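Me: I would like to go through some of the labels used for this predicted model. Please set each one against its cut-off.

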Amino acid sequence: MLFERPDSGERAVLVHLDLNSEDEREDANEFVQLVTSAGGDPVAFISGKRQHPDARLFVGSGKLEEIRAALDANDGQLVLFNHALSPSQERNIERELKCRVLDRTGLILDIFAQRARTHEGKLQVELAQLEHMSTRLIRGWTHLERQKGGIGLRGPGETQLETDRRLLRARIKSIQARLGKVRKQRNQARRARRRADVPAVSLVGYTNAGKSTLFNVLTAAEVYAADQLFATLDPTVRRIPVPDVGPVVLADTVGFIRHLPHKLVEAFRATLEEAAQSDLLVHVVDAADPERQENIRQVLSVLGEIGADQIPLLEVYNKTDLLGVEPRIERDDSGRPVRVWLSARRSEGLALLVQALTELLGQEVVETDVSLSPEQGRLRAKLYSLNAVQSELAEMDGRVKLHVRLPAVDWRRFLAAEHVREQDIVGGGRA
């Protein structure tokens, strides 16, 4: 990876400003969580208020001296800003403080670099890092800034910088091509699932809302889950059975965060497309988080960015055990499930979630009477193998009358596989 990571946590001075602009405002508590998730050791927290960021240093001269004093007093190694810094601001602050400076985007990228496990995830992280670094290349060449014309003063600085930029562009192009292949493979897999009429459900939500814990208890998988930001980076897909629906593909996706850098949204588009192509989104919400409503707003914003805002959505309010409330289903005026309250950690309310999935995905159910002749024993056996037979009655002429109930998807698949016309075997009506 592109960041050197020491064995122990780097001593970091954290800087957070309350800005007047709502669009630029960040959460201080979340910032501390991000730093600890990255393995940093916060030794000082510098906060303040400004109308607008300073164009050159982001902070004012007085606040800069406060940061310098905190670095000296705590033997700090790194300054982290809870804001997006421009390349020139980052460079100017480093020149003033004589230490490494990282902004919020760089911090999130570092966490992603630590979490990536699959080949695809590592490619996506590297792409985001390279695109972020491409605007900051000159920082590594500040020792060449004084080189000017004249005997003994000419140097390779500009040439080397351009060489690095060309190498970066070539690497970015190569990664984008490889991720394009990943996207094609995902599309092929999705087309195969659509041909098989297998519904796709994606878990989405703010980071650390409990998506992976819920995924694990539903699928008996062993996806890494921890009480930290971005514990899950790589997408995981499993099949689960849902009553009256059949097999359903469930995907666990990367958590969202406020002001998720656009570079990350772009780099992780192949992963996020899993959510954008779903039949249903399950939006997992940390019900105990005081910033719950703002987190919901941020998730919906990212869903809009990836074109997934028109997909049917079921809210899951997780961590009810922390609130002391009972699991339940909330419905709209038409009786459709819109929200499920549960505790994934204690496996409480999972049956309610499955019930909601059944209602939302299995709305079309075939319930009818099927009349079969003795020669059609194969069809009878097939219906039993689908667990579709509710009752069986032998008729006087040797035929059997089966009352069946099964998802419409399975019914259509049964008719097509057995080359049978519905009107030739149905003796009742469709529910």
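Reply: Start with contact, which means heavy atoms within 4.5 Å. In this predicted model, the buried residues of H10 pack against strand S5 (200-205), strand S8 (280-286) and strand S9 (313-318).

Me: Which residues of H10 are called buried?

Reply: Buried means under 20% relative accessible area. The residues of H10 that count as buried are Asn295, Ile296, Gln298, Val299, Val302 and Leu303.

Me: Why are these buried residues said to line one face of the helix?

Reply: Looking down the axis of H10, the buried residues fall within an arc of 160 degrees, so they line one face.

Me: Why are H2 and H3 called oblique?

Reply: The axes of H2 (residues 61-74) and H3 (residues 87-97) cross at roughly 55 degrees and come within 11 Å. Angles under 35 degrees count as roughly parallel and 65 to 115 as roughly perpendicular. H2 and H3 are therefore oblique to each other.

Me: Which residues of H2 and H3 make the contact?

Reply: H2 contributes Leu64, Ile67, Arg68 and Leu71, while Ile93, Glu96 and Leu97 come from H3.

Me: What makes H4 and H5 roughly antiparallel?

Reply: H4 (residues 104-115) and H5 (residues 119-134) pack at about 155 degrees, their axes 10 Å apart. Angles over 145 count as roughly antiparallel, and H4 and H5 therefore take that label. Their contact involves Thr105, Gly106, Leu109, Phe112 and Ala113 of H4, with Val125, Ala128, Gln129 and His132 of H5.

Conventions. Residues numbered from 1 in each chain as written. Predicted model: local features only at pLDDT ≥ 70, side-chain atom pairs only at ≥ 80, totals over all residues. Heavy atoms only, no water. Buried < 20%, exposed > 50% of the residue type's maximum accessible area, 1.4 Å probe, protein only. Helix = DSSP H or I, 4+ residues; strand = E, 2+ residues; numbered from the N terminus. Arc of directions from axis to C-beta. Axes fitted to C-alpha atoms, helices over the stretch in contact; angles between N-to-C directions.
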